[in-house]
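Please walk through this structure with me, from whole chains down to single residues. Begin by looking over the sequence and the fold.

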Amino acid sequence: MIEEKMKYSPEDIKTKKLYLDMGLTQEEYDIISKKLLNRLPNYTEIGLYSGMWSEHCSYKNSKPVLKKFWTDGSRVIQGPGEGAGVLDIGDDQAIVFKAESHNHPSFVEPYEGAATGVGGIIRDIFSMGAKPIASLDSLRFGSLTNTKNKYLLNKVVAGIAGYGNCIGIPTVGGEIEFDDSYNGNPLVNVMCIGLMNQADIKQGKATGNNNSIIYVGAKTGRDGINGASFASSQFSENEDNDRSAVQVGDPFMEKLLVDACLEINRDFSDDLVGIQDMGAAGLVSSSAEMAAKDNSGIKINLDLVPQRELGMSPYEIMLSESQERMLLCVKDGAEQNILDVFKKYNLEAVIIGKVNENSQYCLTMNDQVVCDIPTRSLVDDVPTYTHELVKPERLINPDTSFDFEVENPYETLNNLLSQPTISSKKSVYQQYDSRVQTNTVVDSGSDAAVVRIRGTKKALAMTTDCNSNYVYLDPYQGGQIAVAEAARNIIASGGTPIGITNCLNFGNPDNSESYFELEESVKGISDVCQKIDAPVIGGNVSLYNETDDHSIKPTPMIGMVGLIEDNKNIITQDAKGSDELVYLIGDTFDDYSGSEIQKMLVNKITGELNHFDVNQEINNQELVKDVIKKSLVKSVHDLSEGGLGVALTELLQKNELGFKGQVDLTKKQLFSETQSRFLISIDSAKQSEFEAIMKNSANLIGKTNDIELVDLELSDGKLLGNMMDLKKSWEEGLTCLMK
Amino acid sequence: MNFGIISFPGSNCDWDLYYAIKDELNESCKMISSDETNLDEFDVILIPGGFSYGDYLRSGAIGSLASAMQAVKKIAKEGKIIIGICNGFQILTESNLLPGSLMVNEQPEFISKWQNLKVENNQTIFSNKFKKNQIVKMPIAHGEGNYYCDEETLKELESNHQIVFRYEDNPNGSVNDIAGITNKEGNILGMMPHPERAVETILGGIDGLTLFQSLKNTNSEVIK
């Protein structure tokens with residue numbers, strides 16, 4: 001007999017209001033019992049609802065906002081709603097990509113939290129039928145003066161490396177930002193990109209009377225029980241009680257799963273009706289979502305589910321988030337083909353249930369029915385919530401008092417380069433295998449990573465981006481800039497943006513100011529995506545990023561992919577040698593709100609966000625694209641955090657070049673973060689051709705040389721000093737802080 | 001030449017090697033299951049990098065017990081060419097086909113980067129297309145590449161000229177900067193750097209291809 005059923009009867013659940021502890025509200029319980037079931041749900045059933053109706057699985061708080069994303073575009077084969085979105089890249093090939101957050105688990109247990117974040121997103125990609133070809137990680141931590149944050153950074157990076165390196169998918173890029181708002185609530189967002197033939201696309205679908213449900217992979221254990229619900233609640237510093245909610249990863253098992261599932265998709269595509277990974281809310285979410293797609297019924301015998309521990313209850317089996325498990329729907333009669341492939345890979349695969357036509361979600365254990373509810377009630381009948389929007393005070397009456405002086409621009413630049421957000425992340429990305437699969441052309445450390453597509457002339461550029469300081473000062477415009485800057489990274493690498501995914505990391509949606517930030521930044525993101533024809537093809541929402549009522553800065557992370565039609569156009573950010581002409585593209589204003597210089601000088605982000613003109617941005621991007629296509633450039637680098645001074649150092653550092661030139665900007669403007677700007681270096685022989693295209697948009701500011709000195713005449717002073725010292729500050733900034 | 005690549009569960013550089021041999025070296029190449037017991041048809045056996053059997057227990061330890069490794073031992077004795085790269089090198093030391101062992105890096109983190117190597121011995125079947133003391137560049141990517149052996153073995157390796165590649169600016173703490181060694185007979189090579197990742201200009205370098213081309217250089221007099 002099943003213990004928990006003995007312990008809590010449906011009446012107990014009602015009178016003791018046990019559903020509240022599971023994260024369901026009174027209203028939601030009433031909808032379930034009075035409208036959907038017309039009876040009191042038992043313990044297993046209410047557990048399933050709590051997982052499936054959590055924000056993490058249902059997007060009940062964010063759905064009304066997410067509908068505002070622009071998701072069209074001629075390349076879209078699969079938009080939001082499946083495991084991951086799919087884009088047409090021509091020649092009957094397609095790419096699949098998605099990003100996912102693993103913020104809460106990574107705070108509780110950073111190594112496993114980050115590792116299983118990597119594992120989870122990889123499963124989303126190969127369950128679509130694609131071979132995972134690259135991943136990127138967008139990370140955010142509190143200040144490194146705090147030992148806990150150093151520990152978190154070390155362990156998260158080790159977790160990503162431990163999983164990603166073993167499974168053989170190159171980790172090619174990402175970003176790391178440091179800000180005190182992430183104290184106690186780091187962000188770990190992982191993006192994965194896959195490649196496939198369009199004919200091989202699979203969906204997470206269970207349909208067809210009497211077709212079989214096959215479970216494959218790791219056994220189900222008591223790890224991560226109802227983790228989806230855990231991710232959808234606020235944090236307390238006293239998080240030790242949550243430790244059991246974090247899962248443990250096994251990248252070796254996942255490697256076998258990837259290989260076996262791709263082999264099945266290749267050799268037995270007709271037998272495979274659908275496939276989905278068991279991610280958040282484990283077995284229940286995968287099976288219910290697959291069945292709900294066609295309003296199928298499904299009947300699963302829980303006695304057949306491989307279990308790692310004895311005496312697991314239906315609630316535990318269904319809501320376990322044990323890693324490395326997949327669920328397949330296979331045509332009746334074809335099961336052996338599939339089971340044989342898994343056997344070859346030494347993977348445990350079992351038929352655990354059948355699809356039927358009665359639209360009920362039915363579970364049995366020990367010959368008893370332990371759950372019998374309408375399939376769709378788990379997936380489609382979730383109430384959605386719109387929230388009040390309140391514009392935060394800081395946006396209504398912005399504090400515009402920030403001002404500063406620059407005495408010695410060289411000294412200021414030197415300090416800025418060693419700031420953790422700006423300085424080189426080499427010590428981190430050197431721990432990631434970025435070259436396995438032998439397709440990586442440009443790895444971490446340039447504006448975007450580039451992976452070629454074997455057997456074609458094409459390549460993919462990929463990047464993750466978000467400046468949370470900007471979003472904090474202006475959620476709409478900050479959202480716009482997040483997309484614009486990601487696009488600038490793609491353009492600077494020789495690509496054309498073709499689509500985005502995102503992780504929307506925000507505070508508690510019940511807080512009207514957080515919800516305002518979410519809604520506004522989604523609008524900003526969507527508007528620019530539409531303008532540059534880069535649709536939103538999927539994403540992930542992580543709300544409740546608060547610790548003890550202290551919210552993170554709004555962080556809508558953008559993961560963007562661009563297509564490079566001809567790999568001869570791949571370009572990197574470093575000048576290649578001396579005597580290259582260096583141009584600044586785009587106008588520079590006194591834009592210091594939300595800048596790194598502001599953060600460094602006053603450790604506070606204030607002001608009205610800088611002027612941003614999306615049309616100007618697109619104009620500049622198109623010009624840069626044109627000169628790259630015509631092979632007129634040696635290097636292209638986008639200007640971002642830290643402004644011109646930082647970008648110039650980054651342009652010169654790799655080949656240890658010097659620079660001499662002159663620009664009509666003030667000392668302060670060397671650190672301005674005006675958007676829509678690039679630095680480009682070209683061979684002097686191409687000067688007239690280059691300038692004929694660029695006209696007034698490019699400003700020749702100087703020439704590279706080999707004397708390791710940066711010498712830039714400004715309108716009110718001079719940037720003058722040793723290049724190698726700048727390089728040293730930039731290279732050692734992060735490592736010094738980690739000591 | 002007939003190349004065979006042993007694919008263990010958890011190998012992840014097997015296909016990289018396949019493309020390197022087939023598309024860049026233009027030689028025939030076949031994937032082999034680690035359950036295979038007969039390797040007689042092959043001239044060269046490649047043991048790829050990755051995490052065979054998850055590298056649980058100890059890197060390469062379980063891999064060394066696979067059936068295919070018994071077959072490798074047999075054809076190695078017959079003088080066939082064997083190359084183990086990264087995890088493949090670990091499997092070869094675990095199988096006692098090469099001396100010494102590979103420990104956790106001195107800085108115990110995984111390290112992945114382009115690495116300069118010095119060609120210490122260009123008189124081997126693996127390195128005859130390089131110049132002696134030539135500096136070549138190949139990616140490394142490992143957490144356990146810190147080569148160690150006892151002093152007596154080290155002396156032997158040095159005096160027999162079994163050290164083919166040494167690291168410039170030793171990244172992992174290996175004794176005498178050892179990056180790659182052969183057996184005494186000179187038909188087995190183990191190395192931590194990945195030559196298969198350096199076979200095309202677009203990937204950043206072609207020094208790895210030169211290594212594979214050395215195998216085809218039948219005119220060379222191999223001196224030990």
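Predicted model: local features only at pLDDT ≥ 70, side-chain atom pairs only at ≥ 80, totals over all residues.

Helices (H or I, at least four residues) and strands (E, at least two) are runs in DSSP, numbered from the N terminus. By that count chain A holds 27 helices and 28 strands.

Residues are numbered from 1 along each chain as its sequence is written, chains are lettered from A and ligands numbered from 1 in the order in which they are written, and side-chain values use heavy atoms, with hydrogens and water left out.

Stay with chain A. Its C-alpha atoms fill a box of roughly 85 × 55 × 45 Å along the principal axes. Burial is judged by relative accessible area: under 20% is buried, over 50% is exposed, and partly exposed lies in between (1.4 Å probe, protein chains only). Buried residues make up 66% of the 739 in chain A. A contact means heavy atoms within 4.5 Å. Of the contacts in chain A with a separation of 6 or more, 84% join residues 24 or more positions apart.

Now the surface and the charges. Accessible areas come from the Shrake-Rupley method with a 1.4 Å probe; for residues, only the protein chains shown count as cover. Chain A exposes about 24,900 Å², and carbon and sulfur atoms supply 44% of that area. For charges, Lys and Arg count as positive, Asp and Glu as negative, and His and the chain ends are not counted. Each charge is placed at NZ of Lys, CZ of Arg, CG of Asp or CD of Glu. Chain A has 69 positive and 108 negative charges, and their mean positions are 4 Å apart.

Which parts of the chain do aromatic pairs link? Rings of Phe, Tyr and Trp (its six-membered ring) pair if their centres lie within 6.5 Å; planes under 30 degrees apart are stacked, over 60 edge-to-face, and the rest tilted. Over all chains there are 15 aromatic pairs. Phe404(A) and Tyr592(A) form an edge-to-face pair, 4.9 Å centre to centre, with 85 degrees between the planes. This pair links distant parts of the chain, 188 residues apart: Phe404(A) sits in the loop between helices H17 (393-396) and H18 (409-417), Tyr592(A) in the loop between strand S22 (580-585) and helix H23 (596-602). Both Phe404(A) and Tyr592(A) are buried.

Strand S22 takes part in another pair. The ring centres of Tyr583(A) and Phe690(A) are 4.5 Å apart and their planes stand at 50 degrees, so the pair is tilted. Tyr583(A) belongs to strand S22 and Phe690(A) to helix H26 (residues 687-694), so the pair ties together parts 107 residues apart in sequence. Tyr583(A) and Phe690(A) are both buried. Elsewhere, Tyr8(A), Tyr43(A) and Tyr315(A) make up one aromatic cluster.

Asp12(A) lies in helix H2 (residues 10-15) and is partly exposed, at 23% relative accessibility. Beyond its neighbours within four places in sequence, Asp12(A) contacts Lys7(A), Lys17(A) and Leu18(A). Asp92(A) is not a glycine, yet has a positive phi of about 65 degrees. Its loop runs between strands S2 (85-90) and S3 (93-101), and Asp92(A) is exposed at 59%. Glu708(A), also not a glycine, has a positive phi of about 55 degrees. Glu708(A) lies between strands S26 (698-705) and S27 (709-714) and is partly exposed at 31%.

Turn to chain B. It has 5 helices and 11 strands. The C-alpha trace spans about 40 × 40 × 35 Å along its principal axes. In chain B, 58% of residues are buried.

Helix H1 (residues 14-24) of chain B has Asp14(B), Asp16(B), Leu17(B), Tyr18(B), Ala20(B) and Ile21(B) buried. Their cover includes strands S1 (2-7), S2 (28-33), S3 (44-47) and S4 (81-85) and helix H5 (207-216) of chain B. Just after H1(B), Asn26(B) takes a positive phi of about 60 degrees.
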